[in-house]
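Biologist: I want to know how the labels on this model were reached. Please set each value against its cut-off.

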Amino acid sequence: MTHPVVHVWRLLKWGRVLARHGALRGIERDPNTPAPVRRLARIARFGARIPAVPTYGDAFQELGPAAIKFGQALATRPDLVGAKAANDLQLLQDNLPAAPFSEVRAAIEQGLERPIEQIFSHIEKEPIGAASIAQVYRAVTTEGRQVAVKVLRPNIEEDFARALDTYQWAAAQVEGMGGDAARLRPRAVIAHFKQWTARELDLRREAASASELRQNLVAESGFYIPEIDWSRTARRVMTLEWIDGIKLTDRQALIDAGHDLPAMAATLVRAFLRQAVVDGFFHADLHQGNLFALPDGRLAAIDFGIMGRIDRQARVWLAEILYGLLTGNYRRVAEIHFEARYVPSHHSVDEFATALRAAGEPIRGLPVKDISIGQMLDSLFTITRDFDMKTQPHLLLLQKTMVMEEGVAHTLDPDINMWETAEPFLREWVRGELGPEAQLADRLVRDMRTLAMIPDLIRRIDYYYPAPGAAPPDPPMADIALVVKPRRYGGYVLTGLVSAALAVGATLLLT
């Protein structure tokens, strides 16, 4: 177990880097920051030159791979770091210097247990991408197929293990201080971050995620997921179909190629809603660098390390919340928050509905370009604080992805109205899933599952409460108070043995 002094030393070193980029200013000025955290931030920045404008992304970039991923996770939590910091962290790029190809070659051969010449007829020695966790190479299989090969960086697991150890310790200390810090549940945030990175550090799980998503999106013809080459995939190596397309980061190239950008934006919104609402399994890193426009106009996604999953009940609530906001039914949205226990029951449903109306009405029906994200987030944070709403960790990835996907859609079509694009899809799904037929079907499934549990329940009752045996029961006996209680001699025996051992030891030392 790592000593607390080591954790504090690491935090001070990291804090020093953050201070040089002005990234601690917001923590110091926030009235909700616990006093010990504010003092630690002041110590970390002592004597440092503080820039006028904080550069959060550059700070996390300098801290290394684990911090880059953590910074990307913090971009989902503007309630923790503030709207400006979250927006800056969303631009965080994890392009790092590539590891030597000799190490990459050794990792491929060790992972796939074959010489590289038996796996690929050709593999480029320069990566097409060198991210914080893995590097990607273009290759040709021995069968002649073009593929992308993703390989974990050397020693990346150890780097993340050290960082996560200190993140968990720091989160526990902050949450133990109570107040607003406890409501934001930093320990749960780190626990979910640990789960995300565990998926990314095992490329077999990433490959499985891509395979599942590809199967789920068969009905979405405008959205494509590349096929996994399972024979060339292991824990540290993943091989998948090569994608020839234009990255959505290059808007001018998309226009020059004749792509219909508004149609692409609508496809992206619809594909995301299908993933999140219909299937409950969604790509949680849909930024422009992970999306390509194919020559036939379809969108293709890559990088399946961060995925989100939501159970059916949460999806029903989510769809109702979104649809209620679309139609202005704030009362129903408020009721769902109470049904889901997102809001403590001692608050008023009507008051919560009024607060939601105050946040929703100024932006409902506006195109994305006319919506002030900062103002909207400020309204939402005020609501969560006023109504004692705890952070819902299972929705963090969804919240992040919704904001990211909205941003990508806006770059494709600045005039897109997210509400109008999403409304037909949500209306159809809500009608199908929440209508009387669907409710009756859900009730039948639940009741049949309950009935199926009855035989096993009876067997367990019989196990813990067996039938009486052949011996007759004892006759009734009177309750009699004990005058002398049984004495415990164990303590005396142990004391005697220790005394004897000490006496023998002293005798041996004196002779």
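Biologist: Which residues form a nonpolar patch on the surface?

Modeller: Leu457, Ile461, Tyr463, Tyr464 and Tyr465, with about 680 Å² of accessible area together. Patch members have over 30% relative accessible area and no salt bridge, and nonpolar side chains (Val, Leu, Ile, Met, Phe, Trp, Tyr) are joined within 5 Å. A salt bridge is a Lys or Arg side-chain nitrogen within 4 Å of an Asp or Glu carboxyl oxygen. Areas come from the Shrake-Rupley method with a 1.4 Å probe, and only the protein chains shown count as cover.

This is a predicted model: local features need pLDDT of at least 70, side-chain atom pairs pLDDT 80 or more, while totals for chains, interfaces and linings use all residues. Residues are numbered from 1 along each chain, and side-chain values use heavy atoms, without hydrogens or water.

Biologist: Why does Ile461 count as partly exposed?

Modeller: Its relative accessibility is 47%. Buried means under 20%, exposed over 50%, partly exposed in between. So Ile461 is partly exposed.

Biologist: What makes Phe338 and Phe352 an edge-to-face pair?

Modeller: Ring centres must lie within 6.5 Å; planes under 30 degrees apart are stacked, over 60 edge-to-face, the rest tilted. Here the centres are 6.1 Å apart and the planes at 75°, so the pair is edge-to-face.

Biologist: Why does Phe352 count as buried?

Modeller: Its relative accessibility is 1%, so Phe352 is buried. Phe387, at 10%, also counts as buried.

Technical notes
Patch = residues over 30% accessible without salt bridge, like charges linked within 9 Å, V, L, I, M, F, W, Y side chains within 5 Å. Buried < 20%, exposed > 50% of the residue type's maximum accessible area, 1.4 Å probe, protein only. Phe/Tyr/Trp six-rings, centres within 6.5 Å; stacked < 30°, edge-to-face > 60°.
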